Amino acid sequence: QRQMCIRDSYQGGHYTFAMARANMEEHCTLHGFEDVEAGILNWPVSVLRLRHKNPDRLIDAADHVLKAWRSYTDEDAFIFAETDGEPHNTITPIARCVDGVYELDLALRNNITTEKYPLGVYHPHDEYHHIKKENIGLIEVMGLAVLPARLKAELNGVARALARGEDLRADETLAKHADWAEELKARYTFTEENAEEILRREVGVVFATVLEHAGVYKCTPEGREAFLRFVQSV
């Protein structure tokens with residue numbers, strides 16, 4: 001069963017997810033950096049949080065993790081440092097200071113592709129490309145969905161069609177959303193009054209799922225076990 005690690009909200013036209021408020025669900029120890037607080041974040045993207053009052057010590061620990069990740073392979077978890085000479089592993093870092101303690105969130109990234117996922121295994125999967133096809137960047141790792149401008153008009157059209165019982169497949173622009181809309185119709189009764197708000201929330205759910213796709217380790221017992229294997233190897 002998928003664990004929903006975050007709560008979504010809709011403010012000012014943006015879906016926001018509070019990674020900064022996410023807690024460490026599994027504390028860890030980095031060899032040689034036992035004084036640096038470390039832990040796996042309760043977040044869909046695979047994030048290792050480091051905390052220390054000395055920023056230089058924190059940077060050294062983060063550099064140590066980055067070097068380890070760049071060369072790390074775990075075939076059982078489908079993590080490959082490189083294939084055919086092409087490197088795959090890198091880190092997206094986010095830094096902040098909280099009550100005098102410096103924090104670094106290290107999001108583990110991997111850009112490997114397969115025949116099934118030509119844009120990337122840890123990339124938004126094609127069943128959600130009607131909402132989000134672009135890769136997940138720094139802002140989105142932190143939880144703010146950067147969605148294509150086309151969605152503003154398209155979702156208005158989807159809401160109208162759902163409220164009126166119209167066939168989305170009859171509209172060339174909206175047809176891409178038809179399968180998603182059929183799934184939503186099985187769970188909701190749409191009206192002119194509620195259709196827009198339901199779609200806003202469900203787009204948030206899609207974005208949460210897309211973040212999970214970007215996570216190299218999933219929010220499952222197996223995923224956490226594999227994540228810990230990496231941390232213990234650092």
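This section describes aromatic pairs, a strand hairpin and salt bridges in a predicted model.

Seven aromatic pairs were counted in the model. One of them joins Trp-69 and Tyr-72. Their ring centres are 6.0 Å apart and their planes meet at 25°, so the pair is stacked. Both residues, Trp-69 and Tyr-72, are buried. Trp-69 also pairs with Tyr-217. Here the centres lie 6.2 Å apart and the planes stand at 65°, so this pair is edge-to-face. Trp-69 belongs to helix H1 (residues 55-70), whereas Tyr-217 sits in the loop between helix H5 (195-214) and helix H6 (221-233), so the contact ties together parts that are 148 residues apart in sequence. Trp-69 and Tyr-217 are both buried. A single aromatic cluster takes in Trp-69, Tyr-72 and Tyr-217, together with Phe-227 and Phe-230.

Strands E8 (residues 89-98) and E9 (residues 101-110) pair in the antiparallel sense, over 10 bridges. Within this pairing, Cys-97 has Tyr-102 of E9 as its bridge partner. The two strands, E8 and E9, form a hairpin with two residues between them. Asp-99 lies in the turn and has a positive phi of about 55°.

The count of salt bridges comes to 20. Side chains of opposite charge can pair when their charged atoms come close. Asp-35 has 43% relative accessibility, so it counts as partly exposed. Arg-57 has 26% relative accessibility and therefore also counts as partly exposed.

Glu-103 forms a salt bridge with Arg-96, and their closest N and O atoms are 2.9 Å apart. Both Glu-103 and Arg-96 are buried. A further salt bridge brings together the side chains of Arg-164 and Glu-192, at 3.3 Å from N to O. Arg-164 is part of helix H3 (residues 150-164), and Glu-192 is in the loop between helix H4 (178-185) and H5, so the bridge ties together parts that are 28 residues apart in sequence. Arg-164 and Glu-192 are exposed. Shared partners also join salt bridges into one network, made up of Glu-37, Arg-49, Arg-51, Arg-96, Glu-103 and Asp-105.

Note on methods
Residues are numbered from 1 along each chain as its sequence is written. This is a predicted model: local features need pLDDT of at least 70, side-chain atom pairs count only at pLDDT 80 or more; totals for chains, interfaces and linings use all residues. Side-chain values use heavy atoms; hydrogens and water are left out. Rings of Phe, Tyr and Trp (its six-membered ring) pair if their centres lie within 6.5 Å; planes under 30 degrees apart count as stacked, over 60 as edge-to-face and the rest as tilted. Buried means under 20% relative accessible area, exposed over 50%, partly exposed in between (1.4 Å probe, protein chains only). Helices (H or I, at least four residues) and strands (E, at least two) are DSSP runs, numbered from the N terminus. Two strands pair if DSSP finds at least two bridges between them. A salt bridge is a side-chain nitrogen of Lys or Arg within 4 Å of a carboxyl oxygen of Asp or Glu.
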